[in-house]
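Please keep the sequence and the structure in view while reading.

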Amino acid sequence: MMGAAFNFTALKTIWIKECTRFLRIWVQTLVPPAITMTLYFVIFGSIVGERIGEMSGRPYMEFIVPGLIMMSVITNSYSNVASSFFSAKFQRNIEEMLVAPVSTPVIIAGYVGGGLARAMIVAVIVTCVSFAFVENVSINHLGILVLTVLLTSTLFSLAGLINAVYAKTFDDISIVPTFVLTPLTYLGGVFFSVSLLPGVWETIARVNPILYMVNAFRYGFLGVSDVNVGVALGVIVAFNLVFFVTAYTLLQRGVGIRS
């Protein structure tokens, strides 16, 4: 019982520290996503959307809302954990946490919880922004919507932690978002239906895991999806398991931390 109580206290402490960190600098962490998504709505929704008309039987502006929310969830959950964990490693205080009698899963859960909290707040902000551009933002399957956003945020929080473990400089933190996350997100069906792609490109697009996250989330909102929702959730869960095992193994071995 003492061990469980100690781990819970440690988890709560890490989580509160992580939340306090991004809330203290809310102008840098919460305001930019709102501004960025507003520009996306104006450019892709109002200007381009009027020319496109409908996508998958829905007005284009309404179609891109779930994708833009998911984009903000992915980038914010990833960047929050990546920057926070690397800062702790850079300042050499992560070593104190690792030598303390706190289990590795608790450390991972604490950092992931911080990324999850920031992603959820940003998701709410972006959803509120969408109300200014879309009159009818309906939710068809609330359970799938919530499950998808939680699993996706957890996945990219774990990815951010793994990146921070391997990073040697602050510049290394930006490599994955720039050269991996951004291309995969734009090709993940945020702004278009994958069914519009030619045969070969559609096959290639279906290898992109972000496609399944965006479409599962869009199904929760609009009830439409380019992929089987059960398969999409299975893909997200599988990636979560792989990333958790990877993060756990790296921290247990002290990779990138212990010299």
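In which helix does I121 lie? In this predicted model, I121 belongs to helix α6, which is made up of residues 104-130.

Leaving aside residues up to four places away in sequence, I121 touches F22, L23 and L30. The C-alpha atom of I121 is also separated by 9.8 Å from that of N76, a residue 45 positions away along the chain.

## Helix α6 against helix α11

Two packed helices are described by the angle between their axes and by the distance between those axes. For α6 and helix α11 (residues 229-253), the axes come within 10 Å and cross at roughly 120 degrees, which makes α6 oblique to α11. The crossing in which α6 passes α11 is right-handed.

On the α6 side, the residues of this contact are T104, P105, I107 and I108, and they meet F244, A247, Y248, L251 and Q252 of α11. By class, the contact of α6 with α11 divides into 7 nonpolar residues, 2 polar ones and no charged ones.

## Annotated regions

An unreviewed UniProt entry carries the annotation "transmembrane region" for residues 21-43, 63-86, 106-133, 139-166, 178-201 and 229-251. In the model, residues 229-251 are 100% helix and 0% strand, with end C-alpha atoms 33 Å apart. Residues 139-166, in turn, are 89% helix and 0% strand, and the end C-alpha atoms of that span lie 39 Å apart.

Conventions. Residues numbered from 1 in each chain as written. Predicted model: local features only at pLDDT ≥ 70, side-chain atom pairs only at ≥ 80, totals over all residues. Heavy atoms only, no water. Helix = DSSP H or I, 4+ residues; strand = E, 2+ residues; numbered from the N terminus. Contact = heavy atoms within 4.5 Å. Axes fitted to C-alpha atoms, helices over the stretch in contact; angles between N-to-C directions. Parallel < 35°, antiparallel > 145°, perpendicular 65-115°, else oblique. Left-handed = near helix turned anticlockwise from the far one by under 90°. Nonpolar A, V, L, I, M, F, W, Y, C, P; charged D, E, K, R; others polar. UniProt positions renumbered as here; feature names shortened; annotations may be inferred.
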